[in-house]
Amino acid sequence: MFKHLRKWFVAHFLGHSRQRARLVSKDGRCNIEFGNVEAQSRFIFFVDIWTTVLDLKWRYKMTIFISTFLGSWFFFGLLWYAVAYIHKDLPEFHPSVNHTPCVENINGLTSAFLFSLETQVTIGYGFRCVTEQCGTAIFLLIFQSILGVIINSFMCGAILAKISRPKKRAKTITFSKNAVISKRGGKLCLLIRVVNLRKSLLIGSHIYGKLLRTTVTPEGETIILDQININFVVDAGNENLFFISPLTIYHVIDQNSPFFHMAAETLPQQDFELVVFLDGTVESTSATCQVRTSYVPEEVLWGYRFAPMVSKTKEGKYRVDFHNFSKTVEVETPHCALCLYNEKDARARMKRGYDNPNFSLSEVNETDDTKM
């Protein structure tokens, strides 16, 4: 009981007092800021305007969407008004009865704006129309029609691409809240659970991890975000996963693992961030997507395993209980990987009957003290 109270106290009080900086949030967003970027480098974002518009938030995208259409309608409305003004088609010029205007029924700036709107969105009410009287109006009509098609294609395509981005598909793939460390197959492993909330598969899925920590090189250089590869596998490997049911991926803590020299007592004092990636191709759209999350030492539970969440019903169907998705169960686990392997080596030596190297045999000469 005191053990659980101590863990609860450490998690709720000491954990809140020391907030760790995260490069990747739990939902996969990167917490990074670029400073002192030159103005020339910022101009590159406008060169790649398509990606820039796609990466904008919805409120900025909708503002650009509305402003672009309203601005183009008003701009061409001013041009139509200028054509009517130059050709003296407006009522203030008192045109004669036989006067043929460039555009019928343009009486002011408001009617010119309405004609610009009808032309660009091809409404065509039929009340206002261009005549063959002046070539300027015909050229302006052609120019606005072509530019209107380009604006419609770009803005509507950007909205559609924003909605159908594979990033939204990644929202339906969830990682467990915590990672656990326990024995699996006789080896000490770090385990993480991941689930696909949709019945559609991710084709060619590949899962891997990166351990981010601050290291100091032998030359004295301090690397803030030093990356170390972490290999995650399931029983069938780490590529081409059959991702229809929840999977428990694990990393074997062996001599090559950065977790090898960590122990249950020293794990909370470590300074690292474990980032896990899942890449795959969306089955319905053939677009590639990436799901990522991160774990700090407080979110790695030593001596726990995940509760089972897949069962079989009486009707013969497989049922997934998401109530147990992040639920953990405490199990007996060695407090360090080195202890587990030393224990295995000791047992192996006992079975093989190795001699004790500290044992020495001293010969004793027997003497016969009995005299006849």
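Proline 297 is buried, with a relative accessible area of 2%; buried means under 20% relative accessible area, exposed over 50%, and partly exposed in between (1.4 Å probe, protein chains only). You'll find Proline 297 in the loop between β8 (288–295) and β9 (300–302). Strands here are DSSP runs of E with at least two residues, helices are runs of H or I with at least four, and both are numbered from the N terminus. Proline 297 and phenylalanine 272 sit 25 residues apart in sequence and 6.8 Å apart in space, C-alpha to C-alpha.

A quick word on the model: it is predicted, so local features need pLDDT of at least 70 and side-chain atom pairs count only at pLDDT 80 or more, while totals for chains, interfaces and linings use all residues. Residues are numbered from 1 along each chain as its sequence is written, and side-chain values use heavy atoms, leaving out hydrogens and water.

Now for the cysteines. Cysteine 102 and cysteine 134 are joined by a disulfide, S to S 1.9 Å (a disulfide is a pair of cysteine sulfur atoms within 2.5 Å). This pair links distant parts of the chain, 32 residues apart: cysteine 102 is in the loop between α4 (58–86) and α5 (109–120), and cysteine 134 is in the loop between α5 and α6 (135–163). Both cysteine 102 and cysteine 134 are buried.

Here are some accessibility values:

| Residue | Relative accessibility | Class |
|---|---|---|
| Cysteine 129 | 37% | partly exposed |
| Cysteine 156 | 43% | partly exposed |
| Threonine 131 | 11% | buried |

Threonine 131 lies in the loop between α5 and α6. Its contacts (heavy atoms within 4.5 Å) include Cys102 and Ile138, not counting residues up to four places away in sequence.
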